[in-house]
Amino acid sequence: MEHKITIVSFNQKISTKDLIGFRGAIASMHSDNALYYNHENNSVIYRYPLIQYKFIEGKASIVGIDEGADFLEKDLQYGKTYHLNINGQEYDFEVIDKKSIYYIPESYEEPCKYYFIKGWLPLNQENYNTYINLESISDKISLLDKILSANILSLFTGFNYYSEKQSQANILEIVSSKTIQYKGTDMLSFDVRVKCNANLPEFCGIGKGSSRGFGIVYNSHPRRK
């Protein structure tokens with residue numbers, strides 16, 4: 001099944017800490033639409049988020065999937081400026097780009113697809129302790145490979161795609177890692193180059209915090225330039 005993905009980019013560059021405020025300001029413009037903030041009746045909607053807030057090429061951006069893409073195309077007009085209050089500061093956000101791409105989930109017999117994943121949050125409290133206590137780099141990478149494989153299966157479920165092929169993912173390079181704050185908790189964020197047997201949706205998020213700018217998937221190449 002083909003899925004529509006719409007990416008809306010704004011003129012403003014905002015800091016990482018202001019991304020949540022940006023999400024809140026956009027969601028408040030559409031308080032009657034649960035897709036914009038992934039909550040309903042004050043409870044989290046447990047599904048793959050159909051509207052996601054990100055930095056893409058340094059710009060504040062929003063990614064919509066299927067129904068979320070339709071709402072972005074209707075609600076956010078190219079060239080229009082939106083006056084937003086983010087953490088007490090006033091900003092004018094102009095829509096400077098809006099494009100749609102199409103994605104078909106697919107898995108393969110062997111790893112053959114290369115991606116760069118930015119700001120990936122693979123570790124919860126339990127596997128964080130496991131990761132930290134592992135002595136060898138190879139063991140750490142092996143644990144991350146398993147988590148990424150599980151994240152891919154979860155993403156596929158969000159796109160209503162199920163495959164009999166076993167998910168295979170290999171971390172080729174940890175480009176960088178750092179400690180960040182996520183929902184008031186310190187977490188490890190990774191930028192990684194990976195190879196896997198799955199066709200993944202570019203600009204969408206994978207893993208924890210996918211609606212909040214973490215785990216952004218970019219198409220990559222067998223050899224990094």
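The legends below describe close-up views of a predicted model.

**View 1**
The whole structure contains 13 aromatic pairs. Tyrosine 103 is buried at a relative accessible area of 4%, and phenylalanine 159 is buried at 2%.

**View 2. Phenylalanine 203 and tyrosine 218 form an edge-to-face pair.**
The ring centres of phenylalanine 203 and tyrosine 218 are 6.0 Å apart and the planes meet at 85°, so the pair counts as edge-to-face. Phenylalanine 203 comes from the loop between strand E12 (198-199) and strand E13 (216-219), and tyrosine 218 from strand E13, so the parts tied together are 15 residues apart in sequence. Both residues are buried: phenylalanine 203 has a relative accessibility of 11%, and tyrosine 218 has a relative accessible area of 17%.

**View 3. Five aromatic residues form one cluster.**
The members of this aromatic cluster are Phe10, Phe22, Tyr53, Tyr91 and Phe93.

**View 4. Helix H4 and its surroundings.**
Helix H4 has 22 residues and spans 31 Å between its first and last C-alpha, close to the 32 Å expected at 1.5 Å a residue. Its buried residues include Ile141, Leu144, Ile147, Leu148, Ile152, Leu155 and Phe156, along with the polar Ser149 and Asn151. Lys140 of H4 is also buried. The charged end of lysine 140 sits over the ring of tyrosine 131, at 4.4 Å from the ring centre. Just after the helix, asparagine 160 adopts a positive phi of about 55°.

**View 5. An open antiparallel sheet has 5 strands.**
The strand order is E4-E5-E1-E7-E6. Strand E4 (51-56) and strand E6 (81-86) are the edge strands, each with a single partner, so one side of each has no neighbour in the sheet. On average, neighbouring strands are turned by 35° against each other, direction ignored. Within the sheet, strand E1 (residues 3-10) runs antiparallel to strand E5 (residues 59-65), and 5 bridges join the two. Isoleucine 5 stands opposite isoleucine 65 in E5.

**View 6. Helix H1 lies across the strands E1, E4, E5, E6 and E7.**
Helix H1 covers residues 19-29 and runs at about 125° to E6.

Note on methods
Residues numbered from 1 in each chain as written. Predicted model: local features only at pLDDT ≥ 70, side-chain atom pairs only at ≥ 80, totals over all residues. Heavy atoms only, no water. Phe/Tyr/Trp six-rings, centres within 6.5 Å; stacked < 30°, edge-to-face > 60°. Buried < 20%, exposed > 50% of the residue type's maximum accessible area, 1.4 Å probe, protein only. Helix = DSSP H or I, 4+ residues; strand = E, 2+ residues; numbered from the N terminus. Lys NZ or Arg CZ within 6 Å of the ring centre and 35° of its normal. Expected span 1.5 Å × (residues − 1). Pairing = 2+ DSSP bridges. Axes fitted to C-alpha atoms, helices over the stretch in contact; angles between N-to-C directions. Contact = heavy atoms within 4.5 Å.
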